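The following explanation leads the reader through one protein model, from its overall fold to individual residues. Please keep the structure in view while reading.

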Amino acid sequence: MTTETHHETPSPHEPIELVLARLLRIGSIIAAILLALGIGAMLLGGHAVVGPRLITAGLLALLATPIMRVMVAGVIFAREKDWRFAFFCLVVLCSIVAGILLGHEHGG
């Protein structure tokens, strides 16, 4: 039996992927904790204001996590002087901001 070792060259963006994966994991965990606390507060019926606010905070954290991912990726790419991908991140962020502003205008 032979043991075969693979000597693959690591991707130059592998550390970026690890940072972004960690960011998504932390954001999801924070959102889940806030949502669970909010649901728990509502089920216990203690404060009628605290539960919905925690749920809203959890939903905002859940929505903000991918936006933070794009922002962090843009910063990392800019630091590495990978201007093409930094530009892509900027375009995505501008699209998100335009969508939020247009949605806010038409929403009320």
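A residue is called buried if its relative accessible area is under 20%, exposed if the value is over 50%, and partly exposed in between. At 46% relative accessibility, cysteine 94 therefore counts as partly exposed. Cysteine 89, at 11%, falls under the 20% limit and so counts as buried. The structure holds zero disulfides. The model discussed here is predicted, and the values quoted are to be read as properties of that model.

The overall fold comes next. The secondary structure of the protein consists of three helices and zero strands, so that the order of elements from the N terminus reads α-α-α. Helix H1 covers 14-44, helix H2 covers 50-79 and helix H3 covers 83-107. Of the contacts in the protein with a separation of 6 or more, 53% are accounted for by residues 24 or more positions apart. The protein has 108 residues, of which 18% count as buried.

In UniProt, an unreviewed entry carries the annotation "transmembrane region" for residues 23-48, 54-78 and 85-104. In the model, the span 54-78 is 100% helix and 0% strand, with its end C-alpha atoms 35 Å apart. The span 85-104 is likewise 100% helix and 0% strand, and the distance between its end C-alpha atoms is 28 Å.

Which residues make up the largest nonpolar core? This core has eight residues, namely Ile16, Leu20, Val70, Ala73, Ile76, Phe77, Ala86 and Cys89. Each of the helices H1, H2 and H3 supplies at least two residues of this core, and H2 gives the most, with four residues. Isoleucine 76, one of the core residues, touches Ile16 and Val19 when residues up to four places away in sequence are not counted. Cysteine 89, the buried cysteine described above, is also a member of this core.

Is threonine 65 buried or exposed? With a relative accessible area of 8%, which is under the 20% limit, threonine 65 is buried. Residues up to four places away in sequence aside, threonine 65 touches Leu23, Leu24, Gly27 and Ser28. Isoleucine 29 is found in helix H1. Because its relative accessibility is 45%, isoleucine 29 counts as partly exposed. Between isoleucine 29 and alanine 61 there are 32 residues of sequence separation, and their C-alpha atoms are 9.5 Å apart in space.

The aromatic residues form another group. The structure holds three aromatic pairs. One of them joins phenylalanine 85 and phenylalanine 88 in an edge-to-face arrangement, with 5.9 Å from centre to centre and 80° between the planes. Why are these two phenylalanines separated by about one helical turn? Phenylalanine 85 and phenylalanine 88 have this separation because they are three residues apart in helix H3. Both side chains fall in the middle class of accessibility: phenylalanine 85 is partly exposed, with a relative accessible area of 30%, and phenylalanine 88 counts as partly exposed at 43%. Ring pairs link Phe77, Phe85, Phe87 and Phe88 into a cluster. Phe77 also belongs to the largest nonpolar core.

The last point concerns a backbone angle. Most residues other than glycine have a negative phi. Lysine 81, by contrast, has a phi near 60°, a positive value in a residue other than glycine. Where is lysine 81 found? Lysine 81 is found in the loop between H2 and H3. Its relative accessible area is 60%, so lysine 81 is exposed.

Technical notes: Residues are numbered from 1 along each chain as its sequence is written. This is a predicted model: local features need pLDDT of at least 70, side-chain atom pairs count only at pLDDT 80 or more; totals for chains, interfaces and linings use all residues. Side-chain values use heavy atoms; hydrogens and water are left out. Buried means under 20% relative accessible area, exposed over 50%, partly exposed in between (1.4 Å probe, protein chains only). Contact means heavy atoms within 4.5 Å. A nonpolar core is a set of buried Ala, Val, Leu, Ile, Met, Phe, Trp, Tyr and Cys residues joined through side-chain atoms within 4.5 Å. UniProt positions are given in the numbering used here, feature names are shortened, and annotations may be inferred rather than shown by experiment. Rings of Phe, Tyr and Trp (its six-membered ring) pair if their centres lie within 6.5 Å; planes under 30 degrees apart count as stacked, over 60 as edge-to-face and the rest as tilted. A disulfide is a pair of cysteine sulfur atoms within 2.5 Å.
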